[in-house]
Amino acid sequence: MAKSRGGGGPGSPGSARGLAGTRESLAEAGGDELSSLGSDSEVNGGGGGPEERRVDKFGFIVGSRSAEGPLEEVPLEVLRQRESKWLDMLNNWDKWMAKKHKKIRLRCQKGIPPSLRGRAWQYLSGSKVKLEQNVGKFDELDLLPGEPKWLDVIERDLHRQFPFHEMFVSRGGHGQQDLFRVLKAYTLYRPEEGYCQAQAPIAAVLLMHMPAEQAFWCLVQICEKYLPGYYSEKLEAIQLDGQILFSLLHKVSPVAYKHLSKQKIDPILYMTEWFMCAFSRTLPWSSVLRVWDMFFCEGVKIIFRVGLVLLKHTLGSSDKLKSCQGQYETMERLRALSPKIMQETFLVQEVIELPVTERQIEREHLIQLKKWRETHGELQCKSPPRLHGAKAISEAEPPTRKALEPVPSIIVPPGPAPVPKARKSKEKNREKSSGSPANGPGAEGNGAPGAAPELLHPQVSPHHQSKESLCSRESEDTYL
Amino acid sequence: MAGGEGPVAECREHLFKVLVIGELGVGKTSIIKRYVHQLFSQHYRATIGVDFALKVINWDSKTLVRLQLWDIAGQERFGNMTRVYYKEAVGAFVVFDVTRGSTFEAVSKWKHDLDSKVLLPNGSPIPAVLLANKCDQKKDGSQNPSQMDQFCREGGFVGWFETSAKDNINIDEAARFLVENILANYKTFPNEENDVGKPKLDLDPLKAESKSQCC
């Protein structure tokens with residue numbers, strides 16, 4: 001379905017047609033580039049005057065994405081209130097997780113304030129704890145050369161992730177460099193898994209919200225806890241989830257289910273990119289962020305629900321099916337989804353209300369696993385069990401109090417500070433400092449960077465609860 | 001397919017599913033975009049899973065061809081899903097990048113994957129055309145035409161083309177050549193499923209043995 005979009009004809013330099021940073025697809029006629037993007041200058045690099053290319057509030061170059069309709073603007077007062085509530089939660093995270101998890105969930109559903117989103121994702125996913133347990137690990141991986149076969153593939157993908165986001169627009173720019181580091185580190189962290197192309201958009205979204213080291217651990221959590229097996233060699237987990245999705249659709253929208261069955265459209269034809277990229281290449285950006293907020297809190301259930309809502313509202317009535325006579329038309333419809341059903345407020349509300357539970361998903365998982373074994377034999381890649389969201393993760397790996405301590409992003413070392421290894425950018429310094437909480441004085445008892453995680457883990461001493469100034473806390477990973 | 005643009009009487013409409021396969025980054029998506037939308041960009045995203053595009057060709061005064069182009073992810077691990085992607089395809093482009101020898105070496109692997117997972121109703125392999133893409137960046141020392149002809153004969157390709165999605169070289173020609181071959185197969189073994197419209201038309205005799213071409 002060709003979308004009619006404003007702008008000049010194909011090829012006209014200023015034309016913004018079909019450049020969706022998030023929603024580009026083959027069938028859209030206007031996939032031409034902003035010709036001015038050919039230059040390798042950093043969009044937001046040094047010396048950027050006001051005449052520089054404009055970006056929207058998400059960092060996408062203005063005009064590069066299809067119109068997304070009016071954005072839902074949270075009134076400033078509400079936003080400030082939410083920020084202070086989130087700061088309170090983040091500063092007392094273990095208590096909130098233990099006693100008021102529902103409240104956290106509710107606040108994730110309302111949307112995490114943009115300034116705290118990156119930090120909140122790290123707390124929700126447990127990646128913050130993971131980082132604290134593995135201080136120095138990322139730096140260690142970062143220094144290794146990596147396996148050529150993965151490097152080759154990763155390098156080919158660097159310029160193909162959100163090319164219209166200011167971070168990733170320039171070849172070899174900071175965003176692409178960090179993306180390389182994160183993806184390479186993962187292949188070294190899990191050599192048996194290596195690199196899957198669908199990890200790149202995930203890592204890129206994370207990098208838009210946090211520095212490379214943090215993004216790496218967040219990626220680890222997604223790959224191991226939220227979506228285990230999705231990116232592994234055989235891609236079995238995603239195919240299984242396709243079957244689970246389809247089976248759940250039977251209950252959610254019998255009409256859509258019947259239609260897809262009749263046309264013999266295998267779920268992997270439409271859900272692979274949705275699920276593997278957690279909708280980051282499908283939805284308008286404001287919706288991507290809201291979905292990710294809920295996903296980090298509630299787990300894969302959210303991904304299933306989004307998929308089901310999209311299917312239901314695209315193929316869920318005989319009226320809608322009139323233009324989906326053939327298999328191709330149906331697939332085309334599922335790829336060029338109606339902006340109305342992807343709109344933030346609508347989508348989030350539908351997702352919240354859809355009664356699909358973790359238990360249903362798990363039950364269906366067992367059924368489909370059994371079927372899989374009958375037709376394909378045993379799974380070839382054994383994955384750890386899937387953890388359904390923040391609470392399950394924190395229960396499986398209880399954080400120490402220390403691990404939840406906020407770490408200031410910028411530390412001015414008082415007195416003789418440990419000299420950081422040769423590091424270039426400010427960004428890297430920030431990682432370094434947040435990766436090594438022992439930098440400050442009075443941090444005795446902390447394991448040295450690189451110490452075995454099991455040594456660090458149980459050491460909870462009152463020292464580590466010493467309060468830092470609110471100011472420094474707020475500065476942590478706060479991406480405005 | 002009860003398409004809106006109903007064919008005039010006696011006009012025959014075909015729907016063909018054509019696969020575009022090959023290693024990662026060889027330019028599969030670019031070839032399709034060039035062919036379908038007459039566009040080229042440096043900014044195409046890596047294909048995750050599969051993508052699609054449709055090209056409608058007025059083949060001749062009596063024949064309309066709808067070409068469904070299936071753009072298949074190039075990374076090896078997506079090969080675990082190709083059985084589903086290949087289903088009912090009647091033709092394929094296997095693409096490699098002339099600037100990267102390793103992508104040419106992988107051509108046979110892709111062809112084998114194709115032949116092992118999809119066949120024409122009569123049991124023969126689907127016609128596949130080899131595309132040597134990025135020929136605008138061609139360096140000396142790559143295969144010469146006679147070597148390529150031989151490679152195609154031995155590998156079971158119906159022909160090969162040097163293409164450039166960037167400079168729009170040979171893309172239309174390659175597609176036309178593939179469609180000719182598909183139509184020739186169709187003529188020999190009509191497949192009702194791929195057929196729309198009224199089943200009564202004598203196709204022009206096609207040169208199935210049509211010489212492979214290079215630029």
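**Two chains, one interface**

Over residues 111-299, chain A is 65% helix and 0% strand, with the end C-alpha atoms 15 Å apart.

Student: What does UniProt place at residues 111-299 of chain A?
Tutor: Keep in mind that this is a predicted model. The label for that stretch comes from the UniProt record, an unreviewed entry.

Student: How much area is buried between chain B and chain A?
Tutor: Start with who touches whom: 34 residues of chain B are in contact with 54 residues of chain A. Carbon and sulfur atoms give 57% of the buried area. The total comes to about 4000 Å².

Student: And which residues of chain B lose the most area to chain A?
Tutor: Three of them together make up 23% of what that side buries. They are B:His43, B:Arg45 and B:Arg77.

Student: Which side chain of chain A does B:Arg77 meet in a salt bridge?
Tutor: The rule finds 3 salt bridges across this interface. For the B:Arg77 one, the N to O distance is 3.7 Å, and the cut-off is 4 Å, so the pair counts. The partner is A:Glu233.

Student: Which element gives the largest share of the side of chain B that touches chain A?
Tutor: Helix H1 (28-37), strand S2 (50-60), strand S3 (63-72) and helix H2 (82-86) of chain B each supply at least two residues. By class, that side has 17 nonpolar, 11 polar and 6 charged residues. The largest share, 5 residues, comes from S2(B).

How values were computed:
Residues numbered from 1 in each chain as written. Chains lettered and ligands numbered in written order. Predicted model: local features only at pLDDT ≥ 70, side-chain atom pairs only at ≥ 80, totals over all residues. Heavy atoms only, no water. Contact = heavy atoms within 4.5 Å. Buried area = accessible area lost by both parts, 1.4 Å probe. Helix = DSSP H or I, 4+ residues; strand = E, 2+ residues; numbered from the N terminus. Nonpolar A, V, L, I, M, F, W, Y, C, P; charged D, E, K, R; others polar. UniProt positions renumbered as here; feature names shortened; annotations may be inferred.
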